[in-house]
Amino acid sequence: MQNWHGVVRHNLWLADAMLLVVAIIWGSSYAVAKQALWFYPVLGFLAIRFGLTFVVLIPQLRGEGRRAIRPGLPLGLVMLGIFLCETWGVKLTTASNAAFLISLCVVFTPFVEWAMLRQRPNNQLFAACALSLAGVWLLTGGTAISLNLGDGLMLAAAVLRAVLVCWTRRLTADLQVPPLALTAVQSGVVAVGCLVLGLSLPGGLPVLPQSPAFWAATLYLVGFATLFALYVQNLALGRTSATRVSLLMGSEPLFGALIAGLWLGERLGLQGWIGGLLIVVATLGTLRLGRAKAPVEGEGRVPAARSGTPVL
């Protein structure tokens, strides 16, 4: 019995450690993407990144994975809008702001559900929304608010992510769609969409960049921020609860801000950090309220905000 409890504790510790590694990776993805955009335009970068992701995940579309094609095509169009907003947003704002603002998708999701599914959020979620708005106000300047185009695009991306979560639930209900197969279809749609848009511009896309830094950043996002992260998330859900997974992953924007400061030299200031922390508290509170509302349904599944959707 003692050995069994020791194995359980070891598995929980290992799952927690792996999830924190993924949170750090996701937090770093904003700074990494910003670096890649120094060498190549947004449309070309996204076409390369998601084209590579699609190629790697093609084997996932065999057998049961074919179920992902029908829902994955329209969901891929939504994801195309998300990554266009996110990537241009990251280019035009700071990586730390981007990390905090995109996490608001968790707070927005209950209100999108209200609009799409007529499921009214409880009063505590309204309080979480007010807290997150206060955080955004402080993060973007407080009384001297300076919400630039990049910040606005990140907020639009957060709303679209909330739409994607709700629509994914609707289109994949009872279909048992494998997450990696869904990611494959969505990645293919994003890659093709960005390639078509890029080639339709005057002058098209420039020649592929030769910089090793660009390719290192792109391969890091494909290999670690998408493929490794999804694998670890699914593995961890077999060893711990979805609630624990969600709470550990909620540290992502904090790591994003820290890495942006260390790597890119960005500085938030005291007011910015307070605003960012308010957003994180609102996000974690929303996750806890959502799990408390449906404890049986939520356990053992990939958290909806992450399911089948690679992050930036």
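A salt bridge here is a side-chain nitrogen of Lys or Arg within 4 Å of a carboxyl oxygen of Asp or Glu. This is a predicted model, so local features need pLDDT of at least 70 and side-chain atom pairs count only at pLDDT 80 or more, while totals for chains, interfaces and linings use all residues. Residues are numbered from 1 along each chain as its sequence is written, and side-chain values use heavy atoms, with hydrogens and water left out.

**View 1. The salt bridge between Glu86 and Arg161.** How many salt bridges does a search of the whole structure find? It turns up one. The side chains of Glu86 and Arg161 come together at 2.6 Å, N to O. Glu86 sits in helix α3 and Arg161 in helix α7 (residues 149-172), so the pair ties together parts that are 75 residues apart in sequence. Are these two residues buried or exposed? Both Glu86 and Arg161 are buried (buried is under 20% relative accessible area, exposed over 50%, partly exposed in between, with a 1.4 Å probe and protein chains only).

**View 2. The whole protein, for orientation.** The secondary structure comes to 13 helices and zero strands; helices (H or I, at least four residues) and strands (E, at least two) are DSSP runs, numbered from the N terminus. Of the 312 residues, 50% count as buried. The protein exposes about 14,200 Å², and carbon and sulfur atoms supply 68% of that (Shrake-Rupley method, 1.4 Å probe). Take the contacts with a separation of 6 or more: residues 24 or more positions apart account for 89% of them, where contact means heavy atoms within 4.5 Å.

**View 3. The largest nonpolar core.** A nonpolar core is a set of buried Ala, Val, Leu, Ile, Met, Phe, Trp, Tyr and Cys residues joined through side-chain atoms within 4.5 Å. The largest one has 41 residues, and Phe45, Leu46, Phe50 and Cys194 touch the most other members. At least two residues of this core come from each of α1 (2-36), α2 (42-57), α3 (69-92), α8 (179-200) and α9 (212-237). Which helix gives the largest share? That would be α2, with eight residues. Apart from this core lies another, of 28 residues, including Cys85, Phe100, Ile102 and Ala157. As background, nonpolar side chains tend to be buried together in soluble globular proteins.

**View 4. Phe45 and Thr218, a touching pair.** Not counting residues up to four places away in sequence, Phe45 touches Ala33, Ala36, Leu37, Tyr40, Thr87, Phe214, Thr218 and Leu221. Thr218 belongs to helix α9 and is buried, with a relative accessible area of 0%. Leaving aside neighbours within four places in sequence, Thr218 is in contact with Phe45, Ile48, Arg49 and Leu52.

**View 5. Helix α3 and its bend at Leu75.** The bend is about 30°, taken as the angle between axes fitted to the seven residues ending there and the seven starting there. What about end-to-end span? At 1.5 Å a residue, the 24 residues of α3 should span 34 Å, and the end C-alpha atoms are 33 Å apart, which agrees; the expected span is 1.5 Å times one less than the number of residues.

**View 6. Two pairs from separate parts of the chain.** Met18, in helix α1, is partly exposed, with a relative accessible area of 21%. Met18 and Val232 are 214 residues apart in sequence, yet 6.7 Å apart in space, C-alpha to C-alpha. Val55, in helix α2, is exposed at 54% relative accessible area.
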